[in-house]
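Welcome! Let us take a friendly walk through a protein, from its surface to the spaces inside.

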Amino acid sequence: MTAEPTQQDASVPAQTPPAPTPHASTPPAPTPHDPAEQLAAYRRSRAAIAALASGLPDPAAVGVPACPDWSVRDLIGHLVHICESFVALEDSQIDLAPLTGAPAAELLDRWEELDGALPAALERTPELRRRILLLDVFSHELDLRLGLDVPAEPTAHPAFDGALDLSTMGFGLAVHGGGLPALRIETPGRAWVVGEGDPAATVRGSAVDVFRSLTGRRTRPQIEDLEWSGEPAGKWAQAFAWGPFAPPAAEVEPLVGR
């Protein structure tokens, strides 16, 4: 029902029992979903966003193409609202509206203040909600970088692989919920099958293009311009609108290719 990596993918090692720890005091090896690892990735995105916004004369006057209703100030207001809700352990989603009534500088100060409560909140929050938090801040870091034409290397970010996995899972739920045929998704070195049964088609693209297609940053024509084999892309069109995401009406970013 959900996105599952195929058995042969080098990115998904076979499941084997964990080796016994040699000493009781030896900590387990970190994973991308460990709270400490997620905290480091979140802080990396927060620092990047703060640096980019602080370099603008007026963040409220600069738009974000990937979020056409928002300015840079609004994007920060959204992220601060999300962080406030998260540290308060509220059961909220990632589509919270931007906070109002404060300039970008004050919002950035507030975001920095919230950092002190974030480690404990991550430890106390279920894994899925932690992953959603990271997907949101990482996606918006890319929105800001690409909107300001600042170089980005998404696949080098520690949040990228987890964000891509989570987006395929959400897309897979939409495929299943819509009664659509199974689809195989491929990026260099990785693959997933979403939906039930044998895949009726395969879509291939760069990891960045696939991620941005699954999170509402590629138009339907751009999605169709990925490499499709089998059934046509239009059969899965409705599934690309899931959760808070939907393909934009107008192009906000070019395809980056392989």
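Accessible areas come from the Shrake-Rupley method with a 1.4 Å probe, and for residues only the protein chains shown count as cover. On this basis the accessible surface of the protein is about 12700 Å², and carbon and sulfur atoms hold 54% of that surface. This is a predicted model, where local features need pLDDT of at least 70, side-chain atom pairs count only at pLDDT 80 or more, and totals for chains, interfaces and linings use all residues. Residues are numbered from 1 along each chain as its sequence is written, and side-chain values use heavy atoms, with hydrogens and water left out.

The protein has 8 helices and 5 strands (DSSP runs numbered from the N terminus: helices are H or I with at least four residues, strands E with at least two). Starting at the N terminus, their order is β-α-α-α-α-α-α-β-β-β-α-α-β.

Now look inside. Of the 258 residues, 48% are buried (under 20% relative accessible area, with a 1.4 Å probe and protein chains only). Leaving aside residues up to four places away in sequence, Trp228 touches Leu183, Thr202, Val203, Ile223, Ala233, Trp236 and Phe240 (a contact means heavy atoms within 4.5 Å).

How many cavities of 30 Å³ or more does a search of the whole structure find? There are 2. A cavity is a set of points on a 1 Å grid over the protein atoms alone where a 1.4 Å probe fits but cannot get out, and lining residues have an atom within 4 Å of a point. Grid points are joined across faces, edges and corners, and the volume is the space filled by probe spheres set on the points.

| Cavity | Volume | Largest share of lining |
|---|---|---|
| Largest | about 80 Å³ | H5, 3 residues |

The largest cavity has 10 lining residues, and His33, Leu134, Ala159, Gly162 and Ala163 are the closest to its centre. Helix H5 (127–147) and helix H6 (160–177) each give at least two residues to this lining. For the second largest cavity, strand E2 (183–187) and helix H7 (207–214) each supply at least two.

Note on methods:
1 Å grid on protein atoms, 1.4 Å probe; cavity = no way out; pocket = protein on both sides within 12 Å on 5 of 7 lines; lining within 4 Å. Buried < 20%, exposed > 50% of the residue type's maximum accessible area, 1.4 Å probe, protein only.
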